[in-house]
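Here is a short briefing to read alongside the model.

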Amino acid sequence: MTNEELRESLLMAPKNGYATLTAEQRAEMEDYCKRYMAFMDACKTEREATDWMVAIAEQHGFKPLTAGMSLDPGDKVYYNNRGKSILLAVIGSESLASGANICAAHVDSPRLDLKPNPLYEDGEIAYFKTHYYGGIKKYQWPTIALALHGVICKKDGTTVTVTIGEDDSDPVLVVSDLLPHLAADQMKKTLADGIAGEQLNVILGTEPLSGEGSDLVKLNIMKLLNEKYGIIESDFLSAELNIVPAGKCREVGLDRSLIGAYGHDDRVCAFAEIEPLLTMGTPKHTAVCILADKEEIGSVGISGMQSWAFEYFMEMLCDAQGVKLMECYANSFCLSADVSNAFDPNFAEVSDRRNNSMLNYGVAICKYTGSRGKGGASDASAEAMSHVRTTLENAGVQWQIATLGKVDQGGGGTVAAYMANRNIVTVDAGVPVLSMHAPMEIVSKLDCYMTMLACKAIYNA
Ligand code: MN
Ligand code: MN
């Protein structure tokens with residue numbers, strides 16, 4: 001054998017996915033990404049994503065799961081967890097005793113949340129005070145167009161839904177930054193300190209009500225909100241209002257191979273999970289799709305992946321078949337579908353190039369996340385990695401390996417550890433992202449498409 005033949009038979013040679021993408025796949029990819037972009041334009045918070053998922057699931061014959069419901073193979077059910085997270089299942093032909101094939105993503109993204117008492121006036125400008133949610137770089141949020149999304153539960157028991165800044169005729173909101181002329185002191189600070197959390201105050205208006213009195217700009221804003229939504233200031237105390245980047249997602253690059261949007265992490269995997277579930281026939285093993293909340297702050301709380309809401313859902317499924325929940329868990333598999341960091345030549349020094357995911361190389365399989373000696377990671381076993389590798393290759397899905405940066409560079413986590421803690425074999429996989437957690441994140445169309453195919457293959461494994 002020549003060295004060249006040996007090289008070909010013995011060594012790995014990862015390829016850009018465009019090398020093998022067929023014309024048919026390319027057309028499917030473009031269609032898929034159009035649907036994904038429409039979903040992203042409609043959904044910027046976990047609540048909006050959950051509402052959207054409920055609507056599309058019902059259109060495809062999914063019914064709300066209730067305790068004591070009888071279930072047959074092929075039945076499609078969902079559980080809406082308080083409007084912030086949704087769990088869906090398609091019942092398999094085999095008993096849940098043989099386990100479920102689960103894909104788990106999250107639908108919350110980093111942003112600015114309004115404080116409970118947010119509205120104030122200073123220097124004759126009205127503002128909202130915010131507390132950032134998730135891991136943001138604070139300096140990225142001033143001087144970009146922002147929108148307000150959320151709900152306000154009024155004292156009379158009614159709830160109003162708020163969206164300001166997305167329609168072309170809407171005003172947008174903004175956080176100001178210092179002019180460079182006077183920024184000598186600011187520019188000496190680190191990026192972490194250049195903009196402080198308490199400076200992320202959102203400008204609401206400047207026109208005072210006519211007449212006498214104090215805080216007339218604030219009063220005018222409250223009057224406008226009262227006219228539009230029927231709320232008074234104390235209603236902010238029972239509200240969830242989020243500040244997110246305004247505007248639609250866009251194709252990026254002269255070749256349109258990329259998509260730029262707020263919140264790809266992790267709605268890009270959420271959409272990849274739901275698409276194949278909607279139209280699947282009866283799978284062998286029950287297919288379960290999780291779209292969780294609160295991943296960005298540790299998967300805590302009632303709508304996060306650590307919540308027993310998952311047990312409630314799975315137990316209702318198991319009860320219908322007289323199966324013990326723990327037996328189902330022990331035989332289940334979970335693809336923790338979350339984004340990874342795409343290799344960025346601008347910041348090459350943070351990555352181990354041999355182990356970092358690349359744009360356009362397909363769905364990125366991550367054996368472990370964590371930081372400092374794999375701390376906090378769900379380190380997938382060789383057997384679990386083999387299962388995923390074989391499943392994807394048999395289904396013709398382009399995939400690659402991923403690690404989150406060089407050793408001791410930093411790190412992160414996903415819902416994987418919380419699924420594995422439940423005695424469910426779990427592997428991380430998802431779409432590589434440039435500028436993760438920034439107001440505009442970048443993904444490649446090819447990786448989005450391959451991640452959807454990967455979820456489909458896992459459901460059908
Ligand atoms: Mn994520
Ligand atoms: Mn994240």
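For what follows, Ala, Val, Leu, Ile, Met, Phe, Trp, Tyr, Cys and Pro count as nonpolar, Asp, Glu, Lys and Arg as charged, and the others, Gly among them, as polar. On that scheme, the lining of the largest pocket divides into 16 nonpolar, 21 polar and seven charged residues. Please keep in mind that this is a predicted model.

**The largest pocket**

- The volume of the largest pocket is about 1,300 Å³.
- Its lining is made of 44 residues, and the closest to the centre are Asn341, Leu404, Gly411, Met436 and His437.
- Two or more lining residues come from each of β15 (340-341), β16 (363-366), β19 (411-412), α11 (416-420) and β20 (425-430).

**The metal site**

- His437, one of the residues closest to the centre of the largest pocket, also coordinates the manganese ion (ligand 2) through NE2.
- Along the chain, the donors of the manganese ion (ligand 2) follow the spacing D-x30-E-x140-H.
- Why does Glu296 count as buried? Its relative accessibility is 12%, and buried means under 20%.
- His437 counts as buried too, because its relative accessibility is 18%.
- Asp265 bridges the manganese ion (ligand 2) and the manganese ion (ligand 1), and the two ions lie 3.3 Å apart.

**Helix α7**

- Helix α7 covers residues 264-278, a run of 15 residues.
- From first C-alpha to last, α7 reaches 21 Å, close to the 21 Å expected at 1.5 Å a residue.
- Is α7 largely enclosed or open? It is largely enclosed by the rest of the structure, because 15 of its 15 residues are buried.

- β12 pairs with strand β11 (residues 250-252) in the antiparallel sense over three bridges, and the bridge partner of Glu251 is Ile259.
- Five residues lie between the strands in the hairpin of β11 and β12, where Gly253 takes a positive phi near 95°.
- β12 also runs antiparallel to β22, joined by four bridges, with Ser444 as the bridge partner of Leu258.

**The second largest pocket**

- The second largest pocket has a volume of about 800 Å³.
- Of its 19 lining residues, Met12, Ala13, Pro14, Trp399 and Gln400 lie nearest the centre.
- α10 (382-394) and β18 (399-402) each supply at least two residues of this lining, and β18 gives the largest share, three residues.
- By class, the lining has eight nonpolar, six polar and five charged residues.

**The cavity**

- How many cavities of 30 Å³ or more does the structure hold? It holds one, and the volume of the largest cavity is about 50 Å³.
- Residues lining the largest cavity include Asn81, Leu87, Ile290, Met305 and Phe310.
- β3 (85-90), β13 (286-292) and α8 (309-320) each supply at least two of the lining residues.
- The lining of the largest cavity has six nonpolar, five polar and no charged residues.

Terms used: Residues numbered from 1 in each chain as written. Chains lettered and ligands numbered in written order. Predicted model: local features only at pLDDT ≥ 70, side-chain atom pairs only at ≥ 80, totals over all residues. Heavy atoms only, no water. 1 Å grid on protein atoms, 1.4 Å probe; cavity = no way out; pocket = protein on both sides within 12 Å on 5 of 7 lines; lining within 4 Å. Points joined across faces, edges and corners; volume = space filled by probe spheres on them. Donors = N, O, S within 2.8 Å, 3.2 Å for Na, K, Ca; no water. Buried < 20%, exposed > 50% of the residue type's maximum accessible area, 1.4 Å probe, protein only. Expected span 1.5 Å × (residues − 1). Pairing = 2+ DSSP bridges.
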